[in-house]
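Q: I would like to learn how to read a model like this one, feature by feature. Could we go through it together?

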Amino acid sequence: MTDTVLHSTEATPASSKGKRRLPPFLVVLGFAWLALMVAIALSADWIRPYNFTAMDLQNRLSLPGNPAHLLGTDELGRDVLSRLIESIRVSLLIAFSATIISAVFGTLLGFLAAHFRGIVEQIVLMLADFQAALPFLILSLAVLAFFGNSLMLLICLMGFFGWERYARIARGLAISANAQGYAGAVVQLGATPSRVYFKHILPNIASTLIVSMTLTFPEIILLESSLSFLGLGVQPPMTSLGNMVGYGREYLTLAPWIMLMPAFVIMFTTLSISLIGDWLRDKLDPTIR
Amino acid sequence: MSMPLLSARHLVKTYASRRGAFTKPTLVKAVEDVSLSIDKGRTLGIVGESGSGKSTTGRLVLGLEDPTGGRVTFDGAAMPGLKTPEWRGLRRRMQLVYQDPLAALDRRIPIGEQIEEPLEIHEIGTPEERKERVAELMRAVGLRPDQASQYPHELSGGQRQRVVIARAIACGPELLVCDEPVSALDVSIQAQVVNLLRDLQEEHGIAMIFISHDLKVVRNICDRVVVMYLGRVVEEGPSDEIFSKPFHPYTQALVSSVPVPGTSLTDRIILEGEPPNPASRPSGCAFHPRCRFATARCRTENPQLLTVAAEREVACHLLGPAQVPASIAS
């Protein structure tokens, strides 16, 4: 945690550059935490003290604070810090990619529905209902059971999580904008649909979509954790935050640090994303600036 | 006489409103058999109560909605299909001024860019020329060019409407449809905006269709007036004549409701009841339940729009061609 505090004091002048007011303290902290996570994910290969699969059998289940293993070791004597760093990389990769895939895919489908109405809209809405009605975990289990497992497949699968929310939001807001508001006015000026949707409607509904993204992001991290916990997500020897929590559970009473470290990372990352999303929504709206 | 700039023949617009997926839709006739035409540089007023179909008529003549029946001809050519490339190209020649300027403007884009947008869409001029044109337009509608970087919510209602007007005239349209352009504004601002519209029209020779329920404004600005009631035209004629000598009982009631400074409203005709629901139109003349002169014939037979005097058309059984019964010619 000392890392974060140090980082936040560094990040403050940078993030306030060119702006009159500083973002609230918690948001700065959130940015700092996320920046730290991204930095760790990018430089994982250089900063981890050991290979994440390297075993130190003499130091199994050693306590955190051990000079050789700062955050202790797990049941096979693997360094928890190294595994944590690798897990952050894998989990962030999955969560960011999947959130973006889901937002882009959902928003596009929502716009298609709003633009063509009629049968296209019915199909999109039906798919959205289908997606919403089916427990995603079951769907994921089925897909992973059939198609085996790879990181790429996992990312694409997670990308289908939550798209129906973006589709519904985008569709609803686009229809209302087309019917009476600014979008209708721009159509009336002779604008092509792509101009109407991407230059006018998208920036206007971006705040809602961003908030939705900040809700999906933690859910994807948790979903990936659940899948990994069930042994269907990231496969050993690869590791992810959920994977670490899952396998660390067995040693909860004996060596709680194995599970607690990744759990804290999940918690702080999702919290940071929520705080930033909330702040961004206000920031992106010129009417309440 | 040359061909009118825009003519609409027997326009019908029917909306289907459905209560549930499996119920039979109820048909609402918003506009029924409306014909009108407008010459270059002239102003046509459309007046009527809320729900009389005047806004729908405005949207139909602009081609913003496909009519259920009838057709619109602009400059000798039929209106192209909705949202085709030809339709988009035609937008630079005809524009709409909205009732609610705040809703019509994108609140995330500075007004200067929004005024520039039609120029960009229709690829008029280079970026530098466009910037100049925006400054010119802003001056023309009475905005300071340095306000270009402001957002719609930072402006007053009157200024926003000026932005909408500037955007509408940016491409030099030949036809401007103003859909209640001043009804959302303060009375003191209304006069400014109306004068602005009239000045712009005189300067550029734009034909204008002015939709309003405010008779004072219509009288002030329009050459001809069409009075609508429940989706039908009940009276049409030159503005001065309609206001000084209304023929149709409905127009008489409307005109009598306009206060004249210095006189008390003694002979005001108060219409009883609400305008009927367009979904359940009364039989015969739609106005008969509220008409002071309704006869048995009015309840069963729909009156046709007939020429009763020079350039004046009225749809009323009490008014035969070229004669006005003394009983209602007040």
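Q: How many bridges join β4(B) to strand β5 of chain B, and in which sense do they run?

A: First, the ground rules. This is a predicted model, in which local features need pLDDT of at least 70 and side-chain atom pairs count only at pLDDT 80 or more, while totals for chains, interfaces and linings use all residues. Residues are numbered from 1 along each chain as its sequence is written, with chains lettered from A and ligands numbered from 1 in the order in which they are written. Strands (E, at least two residues) and helices (H or I, at least four) are DSSP runs, numbered from the N terminus; two strands pair if DSSP finds at least two bridges between them. Here β4(B) and β5 (residues 77-78) of chain B are joined by two bridges and run antiparallel. Within that pair, B:Phe74 stands opposite B:Ala77.

Q: Which residue takes a positive phi in the hairpin of β4(B) and β5(B)?

A: That is B:Asp75, with a phi near 50 degrees; the hairpin has two residues between the strands.

Q: Over how many bridges do β1 and β4 of chain B pair?

A: In general, the side chains of a regular strand alternate between the two faces of the sheet. In this case, β1 (residues 6-17) and β4 (residues 69-74) of chain B pair over five bridges, in the antiparallel sense. As one example, B:Val12 stands opposite B:Gly69.

Q: How many helices and strands does chain A have?

A: Chain A has twelve helices and zero strands. Its C-alpha atoms fill a box of roughly 75 × 55 × 30 Å along the principal axes.

Q: Which residues of helix α7 of chain A are buried?

A: A residue is buried if 20 or more other C-beta atoms, placed from the backbone, lie within 10 Å of its own. Of the 289 residues in chain A, 41% are buried. In α7 (residues 151-159), they are A:Leu154, A:Leu157, A:Met158 and A:Gly159. These pack against α4 (80-116), α6 (136-147) and α10 of chain A.

Q: How many residues does the contact take from chain A and from chain B?

A: Two residues are in contact if their C-beta atoms, placed from the backbone, lie within 7 Å. Chain A gives 15 residues and chain B gives 19. On chain A's side, α9 (182-188) and α10 (193-229) are the elements giving two or more residues, and α9(A) gives the most, with four.

Terms used
A residue is buried if 20 or more other C-beta atoms lie within 10 Å of its own, exposed if 12 or fewer, and partly exposed in between; C-beta atoms are placed from the backbone.
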